[in-house]
Amino acid sequence: MSPKDTKTQPRVSRDKGEPAAAALLEMYYYLCLARAVDERMWALQRSGKAAFVISGQGHEGAQVGAVYALDRERDWLVPFYRSVAAVLMKGMPPAEIFLIQLGKDTDPSSGGRQMPGHYGHSRHKILSTSSPVATQCLHAAGIAYAAKVRGTGEVCLTAMGEGSTSEGDFHEALNFAGVHRLPVIFVVENNGFAISVPQKKQMAVDNVSARAAGYGMPGVTVNGSHVLEVYAAARQAVARARGGEGPTLLEIKVPRLTAHSSDDRQERYRTPEDLAHARAQDPVHVFAAELRERGVLTPDGEQEIRARIQREVDMGTEIAEAAPLPDPATATRFVYFEPDAER
Amino acid sequence: MADKRFLDAIHDALHEEMARDPATVILGEDVGRKGGVFGVTDGLYEAFGEARVIDTPLAESMIIGVAIGMSVNGLRPIAEIQFADFIHPAFDQILSEAARMRYRSRNGFQCPMVIRTPYGGGVHGALYHSQSIEAFYAHIPGLKVVVPSTPADAKGLLKSAVRDHDPVLYLEHKKMYRSVRGEVPDGDFTVPIGPAAVRRSGRDLSIFAYGLMLHESLGAAELLAREGIEAEVVDVRTLRPLDTKTILESVARTSRALIVHEDNRFGGFGAEIAATIAEEGFKSLDAPPTRLGGPEVPAVPFSAPIEEWFMISPEKIAAAARKLVAY
């Protein structure tokens with residue numbers, strides 16, 4: 001896929017805000033691409049080529065629906081470690097995800113310095129991220145403040161899990177964003193578990209979105225298995241942000257289809273019934289069924305998308321596997337500004 | 001040249017940098033209408049407006065975290081933490097985020113910003129308005145740490161910090177705001193981040209200090225001179241990066257090193273200077289590199305006699321110097 005393709009904005013029919021068939025298929029493509037990339041990440045780990053995987057499986061519908069509502073060239077994404085679909089949509093091709101996964105020198109997020117899953121890309125306006133959770137909420141608020149005072153028209157979307165909402169930085173960010181009515185969208189991809197701790201031990205409310213009232217912003221909860229429901233809510237949030245009406249807390253309930261990471265075994269703390277229920281919520285299957293029913297996704301069309309993704313994932317893996325590892329001689333670089341280096 | 005108070009020099013640097021670069025913003029608690037609890041940002045709200053001089057909610061992690069985002073998206077934030085004692089909620093944002101942004105993105109992102117904060121005791125501020133925090137922060141690669149001791153340096157170093165490409169922690173000893181005066185050059189000038197300065201020459205020992213302790217060390221040097229002991233006094237000025245060259249050259253001249261800071265000694269910044277001298281200047285030494293730091297109690301106590309007991313005075317420095325010279 002050429003970078004140009006990722007920038008193509010879909011035609012959206014004006015009357016209902018319902019995406020046209022081409023747009024629906026593009027969404028479906030990204031849903032499937034993210035899943036295929038994610039599965040390949042696990043394969044690389046299981047075959048001993050990658051040290052670690054942290055996965056976005058189950059979160060793809062939330063991310064595709066939300067990021068589709070952005071101006072992907074102009075707006076900012078401040079991601080978290082499950083944002084595989086989101087960063088693909090913002091312009092990072094599969095090869096770059098695999099370069100990150102394998103800690104290669106040309107990993108565009110960190111040059112092999114960070115663990116896999118710590119996405120960032122300056123050219124695509126994807127802010128570099130760390131491992132302490134919720135710190136990025138404040139960065140998103142700061143980016144939005146700068147956008148507002150500089151009059152750039154940018155919107156900033158940041159994503160996190162529901163466990164992150166227990167952190168002080170989450171509260172501090174929403175509070176600041178509310179006070180200044182900033183063009184920022186706080187997306188909580190609520191999969192019900194913070195590693196092993198279930199939501200009922202994380203908070204005393206059923207919906208994270210209930211907290212929005214305390215920050216003077218709307219809070220919305222949608223079902224992440226239904227991409228179009230997410231997209232509709234995200235569009236409203238983007239319109240609010242762009243129109244100067246301020247931030248939105250958008251909670252998207254998603255299933256977590258894998259363990260927290262490759263170092264976790266979720267069977268220790270999840271029941272077989274719970275896991276079966278999660279699989280039934282798989283956004284890839286739910287969206288495919290929806291598109292088939294609408295007649296948008298034909299067997300031929302589906303096969304074509306699958307074949308294209310297979311090629312892209314294989315090619316991306318090949319590129320990443322062939323890429324060089326970082327040279328230890330470069331590991332001392334860029335602690336501070338280097339006047340002669342290009343950024 | 002004009003005679004200025006320490007506080008006015010900082011204020012002037014802020015005003016001039018805000019006027020020079022429209023991307024600069026100030027954010028912190030009470031920095032707007034009130035002009036800061038010490039008056040350092042007095043008048044800036046009126047001059048530059050509420051979008052650029054931001055009275056923030058009372059949340060230190062927020063102040064630094066938001067500043068990082070602002071910086072990434074084209075602003076040049078100057079954050080104020082009202083007292084250094086309150087900076088610790090922002091430790092994670094400084095350590096894990098601001099100081100690592102460039103390294104972890106291999107130069108993809110940077111977040112130049114200044115974090116100004118008043119530190120230090122001797123003002124009846126007790127445990128939570130007197131701390132010296134430099135040891136925690138000078139430990140962090142990716143961060144720069146400066147501690148000016150003269151009004152001219154306060155202005156010149158702050159301007160350098162605002163124009164720097166990396167995050168700079170700028171520590172202001174609060175007792176010096178209105179008690180220290182000095183000549184400040186006219187017009188736009190900067191003092192580079194990095195070099196230390198020899199403030200007084202002497203042959204018998206070198207005293208290394210920064211901030212208020214530089215002044216107390218100069219006072220000690222006066223006392224010692226009356227007894228025929230000539231102390232060289234070096235103003236460290238920048239803790240990270242540390243000017244080891246000037247430090248080692250001074251020890252080569254005097255053969256004795258006394259490092260003075262208000263912070264407690266154990267694991268304090270003086271250990272870094274002492275270790276550098278021991279490792280790289282061993283052959284010029286006639287006595288062990290010696291540290292004089294605050295007592296090993298958690299922080300500065302309040303009531304006058306116990307605060308005075310804590311604080312390092314010219315007399316205490318002179319006593320340590322005599323011992324070192326007699327070694």
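Mentor: Domain bounds, as used here, come from an automatic or database domain assignment, and on that basis chain B is divided into domain 1 (2–184) and domain 2 (197–325). This is a predicted model, in which local features need pLDDT of at least 70, side-chain atom pairs count only at pLDDT 80 or more, and totals for chains, interfaces and linings use all residues. Residues are numbered from 1 along each chain as its sequence is written, while chains are lettered from A and ligands numbered from 1 in the order in which they are written.

Trainee: How do you know what confidence the predictor has in chain B?

Mentor: The score pLDDT is the predictor's confidence in each residue, from 0 to 100; chain B averages 98, and 100% of its residues score at least 70. For the complex, the predictor gives an ipTM of 0.97 and a pTM of 0.96.

Trainee: What makes residues of domain 1 and domain 2 of chain B count as being in contact, and how many does each domain supply?

Mentor: Two residues are in contact if their C-beta atoms, placed from the backbone, lie within 7 Å, and 25 residues from domain 1 of chain B and 25 residues from domain 2 of chain B take part. The centres of these two domains, taken over C-alpha atoms, are separated by 26 Å.

Trainee: Which residues of chain B touch chain A, and which helix gives the most?

Mentor: By the contact rule, 34 residues of chain B meet 36 residues of chain A. Helices (H or I, at least four residues) and strands (E, at least two) are DSSP runs, numbered from the N terminus; α3 (60–72), α4 (91–97) and α5 (101–104) of chain B each supply at least two residues of this side, and α3(B) gives the most, with 9 residues.

Trainee: Why are β9 and β14 of chain B called edge strands?

Mentor: Two strands pair if DSSP finds at least two bridges between them, and in chain B 5 strands form an open sheet of mixed pairing in the order β9-β11-β10-β13-β14. Because β9 (197–200) and β14 (290–294) of chain B each have a single partner strand, one side of each is left without a neighbour in the sheet.

Trainee: What makes β10 and β11 of chain B a pair, and in which sense do they run?

Mentor: Strands β10 (residues 205–209) and β11 (residues 231–235) of chain B have 5 bridges between them, against the required two, and therefore pair, in the parallel sense. Within this pair, B:Ile207 has B:Val233 of β11(B) as its bridge partner.
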